[in-house]
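Hi there,

Here is the structure I promised to pass on.

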Amino acid sequence: MRYDLVIDRLTHWYYTSREWIKKAVVMNDTYVFNNPWSIQANEKHTSYCAMMRLGLKVPDTWMLPPKAYEQTADLQSTLTRYARFFDLGPIGAQLGYRTS
């Protein structure tokens, strides 16, 4: 789905959505109020999006959720609303990770 405008009230708490919004800015020319680029600017994912936009070759890349979260008063409600479950097995297999 493409958006012309995103009013961002979440990315200073939740890093995964911050990366999605930054991708939308770079790849889809989305305008963002409270633009997360002002919060942090040098992550691999967003750098790769800029490289893709410029037509450069980009290696296979995965954005994974953190292993642990900083405990905050609203952590559980935020995770309930926004966290996605990831099937890490296929990603590990593609990377050559073996459990045995």
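Let me start with Asn28, which lies in helix H1, residues 15-28 (helices are DSSP runs of H or I with at least four residues, strands are runs of E with at least two, and both are numbered from the N terminus). Asn28 counts as buried because its relative accessibility is 17% (buried means under 20% relative accessible area, exposed over 50%, and partly exposed in between, with a 1.4 Å probe and protein chains only). Beyond its neighbours within four places in sequence, Asn28 is in contact with Arg2, Lys23 and Arg53 (contact means heavy atoms within 4.5 Å).

A word on the source: this is a predicted model, where local features need pLDDT of at least 70, side-chain atom pairs count only at pLDDT 80 or more, and totals for chains, interfaces and linings use all residues. Residues are numbered from 1 along each chain as its sequence is written, and side-chain values use heavy atoms, leaving out hydrogens and water.

Next, the aromatic rings. Searching the whole structure gives 1 aromatic pair (rings of Phe, Tyr and Trp, the last by its six-membered ring, pair if their centres lie within 6.5 Å; planes under 30 degrees apart are stacked, over 60 edge-to-face, and the rest tilted). The ring centres of Tyr3 and Trp20 are 6.2 Å apart and the planes are at 75 degrees, so this pair is edge-to-face. It links distant parts of the chain, 17 residues apart: Tyr3 is in the segment before strand E1 (5-7), and Trp20 is in helix H1. Tyr3 is partly exposed at 38% relative accessible area, and Trp20 is partly exposed at 35%.

Best wishes
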